[in-house]
Amino acid sequence: MGEPLDRTNRVFVQLTTFDKALPALEDVIIEYSEGSIVGRVRDGSYRSRTSVRNSGGQLRCSNPACRRGGYELDFDIHDMVRNKLVSKRFVKHCPGDEGSPKGRRPGRTCLNSMDGRITLIYKPELVPERIKIKDRLTRIAFEKCRGCSDYVPLVPLQEAGRFGCGEHIFELLPDGKLKVLKAGSHWWPKQDEILDAVKTQATVELECLLLSREDIDTFIGGSASPETKELVERCLEGEIPVLAKADGAYERLSSVGGAARLERLKPETIRRICA
Ligand SMILES: [Zn+2]
Ligand SMILES: [Zn+2]
């Protein structure tokens with residue numbers, strides 16, 4: 001282990017307790033790989049794991065000759081709390097050098113670096129609203145919309161054989177081709193155009209709030225219940241798509257005001273998601 005950077009002059013590191021410095025958090029977990037590593041570590045294959053509550057906001061550099069080095073994470077953690085994040089990947093280079101202990105003879109720069117992931121564990125009563133919903137998200141892989149140039153998911157709609165991306169609506173014909181029922185704002189594809197039955201292969205993974213038929217009380221046209229509206233609006237604020245699933249198809253609850261079909265959610269559903 002190298003000799004770490006002296007941090008006694010740091011504003012909020014002043015040997016305060018974890019609870020005083022980070023009152024919203026139960027703990028912070030850091031998973032990382034460190035050393036003279038080249039390039040980035042594959043996500044999830046980190047070699048070490050540590051708790052900031054137990055070991056503080058600075059990790060030691062593993063280069064034995066390193067002086068004034070180490071990896072400071074306090075600023076990153078505070079930044080994450082401020083931005084209401086749960087986990088974040090980061091890469092840091094050791095700021096140390098291989099000189100004499102007091103720094104009279106500065107040596108060459110330490111070449112160690114680390115690649116890791118910080119995960120914040122919030123106290124249950126202090127979990128930000130956005131994250132409460134995030135905990136209940138499901139990842140689903142959909143086919144990419146053929147009409148959109150970006151990677152937009154094509155979601156099966158309630159009407160059998162229909163798919164939509166939010167902008168386009170397609171009908172799957174018996175021969176596997178797609179008919180454009182609703183064209184988007186782009187020049188292609190046009191209304192009633194028939195697209196070849198080429199499987200795009202491309203899929204888009206969507207992190208969404210998935211509601212099942214059991215979550216829904218009634219389907220209503222025009223306007224949803226105030227509770228459903230509030231939930232959908234909060235999801236939209238956090239850019240979380242809301243999908244309601246019935247009979248194997250999905251309905252995207254995107255626009256609360258103008259959508260033709262909206263669900264009235266059961267009170268249990270609202271409590272489950274917002275509790
Ligand atoms: Zn170092
Ligand atoms: Zn599209």
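The model is predicted: local features need pLDDT of at least 70, side-chain atom pairs count only at pLDDT 80 or more, and totals for chains, interfaces and linings use all residues. Residues are numbered from 1 along each chain as its sequence is written, while chains are lettered from A and ligands numbered from 1 in the order in which they are written. Helices (H or I, at least four residues) and strands (E, at least two) are DSSP runs, numbered from the N terminus.

**The four-stranded sheet**

- Strands of a sheet pair through backbone hydrogen bonds, either parallel or antiparallel.
- Here, 4 strands form an open sheet in the order β3-β2-β8-β7, and the pairing is antiparallel. Two strands count as paired if DSSP finds at least two bridges between them.
- The edges are β3 (48–51) and β7 (87–93); each has a single partner strand, so one side of each is left without a neighbour in the sheet.
- From one strand to the next, the twist averages 25°. Axes are lines fitted to C-alpha atoms, for helices over the stretch in contact, and angles run from 0 to 180 degrees between N-to-C directions.
- Y32 has S48 in β3 as its bridge partner.
- Helix α3 (residues 74–82) packs on the sheet and touches β2, β7 and β8 (113–122). Its direction makes about 40° with that of β8. Contact means that the C-beta atoms of two residues, placed from the backbone, lie within 7 Å.

**Nonpolar cores**

- A nonpolar core is a set of buried Ala, Val, Leu, Ile, Met, Phe, Trp, Tyr and Cys residues joined through C-beta atoms within 7 Å. A residue is buried if 20 or more other C-beta atoms lie within 10 Å of its own, exposed if 12 or fewer, and partly exposed in between; C-beta atoms are placed from the backbone.
- The largest core has 21 residues. L154, C208, L209, L211, C235, V242 and L243 touch the most other members.
- Two or more residues each come from β10 (153–156), β13 (178–182), β15 (203–211), α5 (226–237) and β17 (242–246). The largest share, 4 residues, belongs to β15.
- Another core, of 17 residues, lies apart from it; V28, Y32, M80 and I118 are among its members.

**Strand β10**

- P153 and V155 point one way from β10, and L154 and P156 the other way. All four are buried.
- β10 pairs with β9 (residues 138–144) in the antiparallel sense over 2 bridges. E143 is bridged to L154 in β10.
- β10 is also joined to β11 (residues 162–164) by 2 bridges, again antiparallel. There, P156 has F163 as its bridge partner.

- Most residues other than glycine have a negative phi, and most peptide bonds are trans.
- The peptide bond between W188 and P189 is cis, with omega about -10°. P189 sits in the loop between β13 and β14 (194–195).
- R68 is not a glycine, yet its phi is positive, about 60°. R68 belongs to strand β5 (residues 67–69) and counts as buried, with 20 C-beta neighbours inside 10 Å.
- D192 also has a positive phi, near 70°. D192 lies in the loop between β13 and β14 and is exposed, with 9 other C-beta atoms within 10 Å.
- Leaving aside neighbours within four places in sequence, D192 is in contact with K179 and V180. The C-alpha atoms of D192 and L178 are separated by 9.5 Å, and the two residues are 14 apart along the chain.
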